[in-house]
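Please examine the sequence and the structure shown below.

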Amino acid sequence: ITPLDIIKKKRSEAMDRIHSKGYFAAKRVHVGMATCEIAAGSGEVMEIFQEAIKKGLTGVYLSQKGCVGRCNLEPTVEVIEENKIPVRYGKVTRDMAKQIVEQHLKKGEVITEWVIH
C-alpha cells in the first residue's frame, strides 16, 4: 500500500461520511445558532426542522450557521436549493418554521413576505 493509496482511501471515507449526512441534498436549511440567535429563539426554530426530518421530511440537509451580522432580524433561516438563489428568512418563530417546512420545503413555494435581503 502506497501513501497515495492511503490518501485515496481516506478521501473516499470522508466523501462517504459527507454523503451519508445528506450535505449534497437538493435542499439545505441553515438555522442561525450564534449566541445572539439562540437568545432570540433559534433553538426552538431548529427543533421544528429536526422534528420535520424525524417525521419523514426527506431530501433536506439541516445544519447550524454562525452570525450573519443581522441581529435585528434574528432568528434567521436560510434555505438553499439547487439552481436557485438562496432564500433567507428573518425573525423566524416556531410557527413560521412550521410554515417554511410545509410551504417552502414540501411545496417549493417561497414565503416572500418573510424574506430578508
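What percentage of the 117 residues of the chain count as buried? The share is 37%, where buried means under 20% relative accessible area with a 1.4 Å probe, protein chains only.

This is a predicted model, in which local features need pLDDT of at least 70, side-chain atom pairs count only at pLDDT 80 or more, and totals for chains, interfaces and linings use all residues. Residues are numbered from 1 along each chain as its sequence is written, and side-chain values use heavy atoms, with hydrogens and water left out.

**Fold.** Four helices and four strands make up the secondary structure of the chain, in the sequence order α-β-α-α-β-β-β-α. Helices (H or I, at least four residues) and strands (E, at least two) are DSSP runs. The C-alpha trace spans about 55 × 30 × 25 Å along its principal axes. Of the contacts (heavy atoms within 4.5 Å) between residues at least 6 apart in sequence, 61% join residues at least 24 apart.

**Surface and charge.** The chain exposes about 7,400 Å², 53% of it supplied by carbon and sulfur atoms; the areas come from the Shrake-Rupley method with a 1.4 Å probe. There are 19 positive and 15 negative side chains, with the centres of the two sets 4 Å apart. Lys and Arg count as positive, Asp and Glu as negative, and each charge is placed at NZ of Lys, CZ of Arg, CG of Asp or CD of Glu.

**Cysteines.** The structure holds zero disulfides, a disulfide being a pair of cysteine sulfur atoms within 2.5 Å.

| Cysteine | Nearest cysteine sulfur | Distance |
|---|---|---|
| Cys-67 | Cys-36 | 4.6 Å |
| Cys-71 | Cys-36 | 4.1 Å |

How values were computed
Buried < 20%, exposed > 50% of the residue type's maximum accessible area, 1.4 Å probe, protein only.
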